[in-house]
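Please open the model in a viewer and keep the selection tool at hand. The stops below proceed from one selection to the next.

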Amino acid sequence: MSNKTISIAKDYSVTPAGRYFTDGTYSGQRFREEFLYPALQEYDQVEVILDKTLGYGSSFLEEAFGGLIREKGMKLDDIKNKINIVSSRISYKNRILKYLEDAQLEKNKKNNLPQ
């Protein structure tokens, strides 16, 4: 089994912000496209460490994580089985889970699947 650890503060930025590429260098879209999604494709387990940044806005977290379902077509259960979110702030973990669940619900509605 192959594992990958991504520390956002060390590997990406201590100031992640924004939703889209156009919002700045360290957006959620860039993190998803260049770090998170490739790691999820290559490794069996991916640990994402959220600590040691200056914080996270909802747009960054929603795009980085919710976008896995909305933009990349991943499924909630597959993400939950592959990813481990590490944070000293439980609120970040809870928000990410909520964004993932909301994205899956929206995808199901769009595709007329059971909720």
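**Stop 1**

Begin by selecting Lys-72, which sits in the loop between α3 and α4 (76–82). The model is a predicted one. With a relative accessibility of 28%, Lys-72 is classed as partly exposed. Display the residues around Lys-72: beyond neighbours within four places in sequence, its contacts are Arg-32, Glu-33, Tyr-37 and Gly-67.

**Stop 2**

Next, select Arg-70 and Glu-71. Their side chains form a salt bridge, with an N to O distance of 3.5 Å. Are these two residues buried, partly exposed or exposed? Glu-71 has a relative accessible area of 48% and is partly exposed; Arg-70, at 38%, is also partly exposed. The structure contains 11 salt bridges.

**Stop 1**

Glu-62 is buried, at a relative accessible area of 14%.

Which residues does Glu-62 contact once neighbours within four places in sequence are set aside? They are Arg-19, Gly-67, Arg-70 and Tyr-99.

**Stop 4**

Move along helix α3 to Ala-64. This residue is buried, with a relative accessible area of 0%. The C-alpha atoms of Ala-64 and Arg-19 are 7.8 Å apart, although the residues are separated by 45 residues in sequence. Ala-64 touches Gly-28, Phe-31, Arg-32 and Leu-36, when residues up to four places away in sequence are not counted.

Now show α2 and α3 together. Their axes approach within 9 Å and cross at roughly 35 degrees, and the crossing of α2 past α3 is right-handed. To see the contact, select Gly-28, Gln-29, Phe-31, Arg-32, Leu-36, Tyr-37 and Leu-40 on α2, together with Phe-60, Glu-63, Ala-64, Phe-65, Gly-67 and Leu-68 on α3. Coloured by class, this contact shows eight nonpolar, three polar and two charged residues.

**Stop 2: the packing of α3 on α5**

Two packed helices are described by the angle between their axes and the distance between the axes. Helix α3 (residues 58–70) packs against helix α5 (residues 90–110) at an angle of about 45 degrees, with 8 Å between the axes. That angle makes α3 oblique to α5. Viewed as a crossing, α3 passes α5 in the right-handed sense.

The α3 side of this contact comprises Ser-58, Leu-61, Glu-62, Phe-65, Gly-66 and Ile-69, while the α5 side comprises Tyr-92, Arg-95, Ile-96, Tyr-99, Leu-100, Ala-103, Gln-104 and Lys-107. Counted by class, the contact of α3 with α5 has eight nonpolar, three polar and three charged residues.

**Stop 3: Gln-104**

Finish on helix α5 by selecting Gln-104. Is Gln-104 buried or exposed? Its relative accessibility is 13%, so Gln-104 counts as buried. Display its partners: leaving out residues up to four places away in sequence, Gln-104 touches Ile-69, Met-74, Lys-75 and Leu-76.

Methods. Residues are numbered from 1 along each chain as its sequence is written. This is a predicted model: local features need pLDDT of at least 70, side-chain atom pairs count only at pLDDT 80 or more; totals for chains, interfaces and linings use all residues. Side-chain values use heavy atoms; hydrogens and water are left out. Axes are lines fitted to C-alpha atoms, for helices over the stretch in contact, and angles run from 0 to 180 degrees between N-to-C directions. Helices (H or I, at least four residues) and strands (E, at least two) are DSSP runs, numbered from the N terminus. Angles under 35 degrees count as roughly parallel, over 145 as roughly antiparallel, 65 to 115 as roughly perpendicular and the rest as oblique. A crossing is left-handed if the near helix is turned anticlockwise from the far one by less than a right angle, and right-handed if clockwise. Contact means heavy atoms within 4.5 Å. Ala, Val, Leu, Ile, Met, Phe, Trp, Tyr, Cys and Pro count as nonpolar, Asp, Glu, Lys and Arg as charged, and the others, Gly among them, as polar. A salt bridge is a side-chain nitrogen of Lys or Arg within 4 Å of a carboxyl oxygen of Asp or Glu. Buried means under 20% relative accessible area, exposed over 50%, partly exposed in between (1.4 Å probe, protein chains only).
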